[in-house]
Amino acid sequence: MKKIAVFTSGGDSPGMNACIRAVVRTGIFRGLEVYGINRGYEGMIEGDIKQMNSHSVSNIIQRGGTILKSARSSEFRTPEGRKKAYESLKALGIEGLIAIGGDGTFTGAKIFYEEYGIPTVGCPGTIDNDIYGTDFTIGFDTAVNTALAAIDKIRDTAAAHDRIFFVEVMGRDAGFIAVECGIGGGAEFVMVPETKTDLDAVVNTLKSHREFRSSSIIVVAEGDELGNANEIMAMVKTKVDNPAKDFKVTTLGHIQRGGAPTARDRVLGSRCGMGAVDGLIAGKAGCMSGVINNEIVYTTFADCIGKSKPIHPDHLALIEILNI
Ligand code: F6P
């Protein structure tokens, strides 16, 4: 293998740049030519690909976002789109791919590898942490800390005004961000897609807390089965017997996706990037380079996207126990 290409796809996450940097520099260190594909599968289809050198990735390890840009490509979902992508890669003689992204990225990579056989190794880049085959995904730690910093600030104003705040965090299909910043931020409740939200329990606890707690924080993952934070707040409001109580909603949104990556995300991104290049050189394909128990582990794309990663039951128990 002489030429490999790297791209980022799907929602960006802090630490993707550290991962790109590690891919480029490990590749060069091991004697490969490394190319960067802009805007994920869109750029692959359009042939928006350029050779990178060590200097191309200077001064990016501390930056959020992705220097290669990202996109969600509908054309790549079609056989015609994937054929165009293959032709772009073939024209440049690319013999291996490194895909940095989440489950949508790996779904595309799996199909493409099965159809065209270009060896591909993934790196888990998503703030959601919902990828099987790695303890943590690149960007999760930064997103949790961003959300936590916001919750700490909300707690100040919630306490000052005796308010109940519903704070919506990202996580369309997964509640990892909600659970971690719920524990770290001392939330009264956390609502996540993985568990059935018991609204009556929430209402009863809010009522029982009323005498000695003037304010409360409830963290809602955006994918909770009961709806978004505004909808859930409206339901709770009709059930408490003091509707005059001040309820507020704060949706944190895309601030969770940006910002300088934490040390953990820079190190994880760097390790996964190096693992992906070394995996390709060793003949691995159709799999992701993740970190489990502090070791690089390769997991097939089929398992990464097919198996679910549960929230640790201790984490859910902690929220309930620490809320007495
Ligand atoms: O997958 C990461 C994620 O940030 C999810 O938590 C969120 O639901 C989604 O992306 C938002 O995507 P977009 O930026 O395309 O609206």
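Trainee: Is Asp-173 buried or exposed?
Mentor: Keep in mind that this is a predicted model. Asp-173 has 52% relative accessibility, so it counts as exposed.

Trainee: And where does Asp-173 sit in the fold?
Mentor: Asp-173 is in a loop, the one between strand E6 (164–169) and helix H6 (176–184).

Trainee: Which residues gather with Asp-173 in a patch on the surface?
Mentor: Asp-103, Glu-194 and Glu-222 do, and together with Asp-173 they form a patch of negative charge.

Trainee: OK, on to helix H6. Is Phe-176 buried or exposed?
Mentor: Phe-176, which lies in helix H6, is buried, because its relative accessible area is 9% and the cut-off for buried is under 20%.

Trainee: How far apart are Phe-176 and Asn-129?
Mentor: In sequence, 47 residues separate Phe-176 and Asn-129, but in space their C-alpha atoms are 6.4 Å apart.

Trainee: New topic: cysteines. How many disulfides are there in the whole structure?
Mentor: Zero, going by a search of the whole structure. Take Cys-272: the nearest cysteine sulfur belongs to Cys-123 and is 5.6 Å away.

Trainee: Is Cys-272 buried or exposed?
Mentor: Buried, because its relative accessibility is 0%.

Trainee: What about Cys-181, buried or exposed?
Mentor: Cys-181 counts as buried too, with 0% relative accessibility.

Note on methods
Residues numbered from 1 in each chain as written. Predicted model: local features only at pLDDT ≥ 70, side-chain atom pairs only at ≥ 80, totals over all residues. Heavy atoms only, no water. Patch = residues over 30% accessible without salt bridge, like charges linked within 9 Å, V, L, I, M, F, W, Y side chains within 5 Å. Areas by Shrake-Rupley, 256 points an atom, 1.4 Å probe, with all protein chains shown as cover. Salt bridge = Lys/Arg side-chain N within 4 Å of Asp/Glu carboxyl O. Lys, Arg positive; Asp, Glu negative; His and termini not counted. Charge placed at Lys NZ, Arg CZ, Asp CG, Glu CD. Helix = DSSP H or I, 4+ residues; strand = E, 2+ residues; numbered from the N terminus. Buried < 20%, exposed > 50% of the residue type's maximum accessible area, 1.4 Å probe, protein only. Disulfide = S-S within 2.5 Å.
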